[in-house]
Amino acid sequence: MSEHVRATALVPGEASGELLVSREPLSFWGGYDPKTGEIIDRRHPLSGVVAAGRVLVMPFTRGSSTTTAILLESIRAGTAPSAIITNRVDTFLALASIVAGELYGSAVPIVATSPLDFERFKTGEHVRISLEGDVWIDFSS
Amino acid sequence: MTLALSGHDRALAEGELGPAAKMAMRILVRMAELTGASRMLDVTQAHVDSTIYVGDAGLEFAEKLAALGARVAIPTTLNVSGVDEHHWQEWGVPPDWAIKAKRQMAAYQSMGTLPTWTCAPYQTDMRPTFGQQIAWGESNAIAYANSVIGARTERYPDLLDICAAVTARVPAVGLHLTENRAGNVLIRLRGVPAHLQADDSFYPVLGYHVGSVAPDRVPVIEGLEVRPGDDQFKSLAAAVASSGAVALFHVVGHTPEARTRDEAFQGRSPEAIFDVGMTELRDARRDLTRTRGPGLDVVALGSPHFSLSEFQKLAALAAGRRRHSNVELVVATSRAVAELARRAGYLDAVFAFGGRVSVDTCILASPMLPERVSSLMTNSGKYAYYAPGLLGVGVAFGSLEDCVESAVRGQVVRDDSLWSGKAS
């Protein structure tokens with residue numbers, strides 16, 4: 001069984017993986033370790049959690065302009081989330097992935113949902129993301 | 001909405017002005033499409049945050065642009081880099097880091113930029129003017145330029161700022177457009193005594209709180225009876241852009257697009273109202289402190305970069321005193337301000353105290369502090385916000401006076417009297 005969530009592919013790509021959901025925004029600079037993929041903002045609810053290889057769900061990026069550079073580093077190092085879902089067009093995340101495509105030919109899918117649909121994601125669920133930006137939440141039962 | 005490109009935009013995108021401008025314009029056009037821009041507009045100044053060295057990818061991007069012959073088309077200042085270019089050995093920066101950070105500096109400098117190496121470009125002779133369309137990176141500088149000066153910039157992330165500098169074109173969206181500069185959330189100060197409002201340490205605390213409650217809005221702060229000084233606005237901007245994604249705030253009666261509340265909201269009504277009193281401020285001040293023990297290793301000042309006026313204050317506080325032998329005092333600033341402070345005699349006072357001054361970078365952007373450092377004290381909301389994650393240290397927030405006193409005593413001491421007061 002799976003549930004469909006409509007989304008816009010800001011940076012298109014196919015991905016699947018386990019959801020890691022934050023209702024709070026995150027700055028990647030000072031918030032994400034590109035060496036390990038760990039969330040290191042000690043004021044953030046996901047502090048200490050490794051997001052590498054998971055589908056990271058967060059409303060938007062806050063704080064530093066260097067967020068873009070950190071996501072680019074982590075894509076190059078293979079420590080980035082396998083995809084990122086936001087509840088609006090987040091230019092910082094999209095730009096990092098676009099530049100990763102330019103430099104390394106390996107973009108991470110970035111998709112945006114409506115704020116309402118955004119609330120449907122829960123940590124631990126498995127999702128698949130299509131090239132068109134459709135998100136499918138899979139249920140094991 | 002479809003994007004209409006001008007003839008010049010198309011010439012840039014098709015490579016008629018060289019391969020670097022082509023790559024930059026191609027990235028800008030994709031961003032314009034994502035953000036729903038209907039056109040591009042001219043910018044006449046840029047500030048590039050991409051200079052911060054964080055790893056090989058950012059360096060490869062910079063060197064690729066440089067190798068393609070990138071030249072900036074407009075006056076362009078440079079943000080902090082990853083090292084104090086000429087003194088990194090004195091700070092124990094690992095040579096492999098320093099070599100790469102310096103390569104990144106060289107790449108951006110080769111593009112015809114101004115090597116200001118500062119996160120406070122608004123305190124240089126390149127300060128933009130009211131209404132000027134600019135493309136700035138560096139979150140504190142973006143918030144300052146929009147809010148305090150009334151210049152117009154979107155929140156430009158690393159990598160996009162240099163594209164804007166090379167092409168002088170940006171998507172006509174967001175805070176470049178008058179209608180998006182209206183406030184939408186009202187922050188009412190209630191029962192905050194004027195003598196606290198006059199204190200420097202009030203502004204990082206207020207900024208931290210406002211960024212937390214309205215992280216993605218344009219907040220309008222009402223009830224400030226005291227006119228903030230330039231450095232106070234600076235620390236407000238830095239804090240509000242750390243705890244939030246705030247790129248523009250208004251302060252009724254004090255910032256240029258908010259002579260009245262009605263002007264700040266462009267005649268509309270606030271979507272939400274938050275009252276801020278002593279309870280909220282005390283909570284925010286407490287939350288800025290994340291200590292893990294009683295120790296103190298470093299007092300860190302200068303985020304954003306210390307101004308000449310801040311050096312004057314520090315010199316007065318440090319005069320005739322000496323830091324505790326267990327505590328370092330480190331001040332980050334720009335080359336230009338360091339030179340002025342040196343000529344004014346302020347640096348001698350800092351050195352006599354046992355303090356050190358670094359230029360071009362800061363403790364968050366360069367691995368310049370010894371590994372053993374586990375606790376830090378600062379008067380900066382931005383340092384307080386980021387140091388635990390970036391440096392893995394405990395942090396104590398206090399006023400500049402508290403910081404100097406703590407450096408002398410060798411432990412964190414804070415004067416809480418300003419914060420205990422009720423409405424006056």
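The legends below describe close-up views of a predicted model. Local features need pLDDT of at least 70, side-chain atom pairs count only at pLDDT 80 or more, and totals for chains, interfaces and linings use all residues. Residues are numbered from 1 along each chain as its sequence is written, and chains are lettered from A and ligands numbered from 1 in the order in which they are written.

**View 1. Chain B as a whole.** The secondary structure of chain B comprises 17 helices and 14 strands (DSSP runs, H or I of at least four residues for helices and E of at least two for strands, numbered from the N terminus). Its C-alpha atoms fill a box of roughly 65 × 55 × 35 Å along the principal axes. Buried residues account for 55% of the 424 residues in chain B; buried means that 20 or more other C-beta atoms, placed from the backbone, lie within 10 Å of the residue's own.

**View 2. The largest nonpolar core.** This core has 194 residues, of which Leu28(B), Ala143(B), Ala164(B) and Val350(B) touch the most other members. Helix α2 (residues 19-34) of chain B contributes the most to the core, with 11 residues. A nonpolar core is a set of buried Ala, Val, Leu, Ile, Met, Phe, Trp, Tyr and Cys residues joined through C-beta atoms within 7 Å. Apart from neighbours within four places in sequence, Val350(B) is in contact with Leu314(B), Ala315(B), Ala318(B), Val331(B), Gly355(B) and Val357(B) (contact: C-beta atoms, placed from the backbone, within 7 Å).

**View 3. An open sheet of three strands in chain B.** The strand order is β3-β2-β4 (chain B), with parallel pairing; two strands pair if DSSP finds at least two bridges between them. β3 (76-78) and β4 (135-136) of chain B are at the edges with a single partner strand each, so one side of each has no neighbour in the sheet. Strand β2 (residues 46-48) of chain B pairs with β3(B) over three bridges, and the bridge partner of His47(B) in β3(B) is Thr77(B).

**View 4. The side of chain B that touches chain A.** The contact takes 35 residues from chain B and 30 residues from chain A. Elements giving two or more residues to the chain B side are α2, α3 (56-67), α9 (230-243) and α15 (381-391) of chain B, and α3(B) gives the most, with six residues. The residues on this side of chain B are 17 nonpolar, nine polar and nine charged. Here Ala, Val, Leu, Ile, Met, Phe, Trp, Tyr, Cys and Pro count as nonpolar, Asp, Glu, Lys and Arg as charged, and the others, Gly among them, as polar.

Notes:
Buried ≥ 20, exposed ≤ 12 C-beta atoms within 10 Å, placed from the backbone. Contact = placed C-beta atoms within 7 Å.
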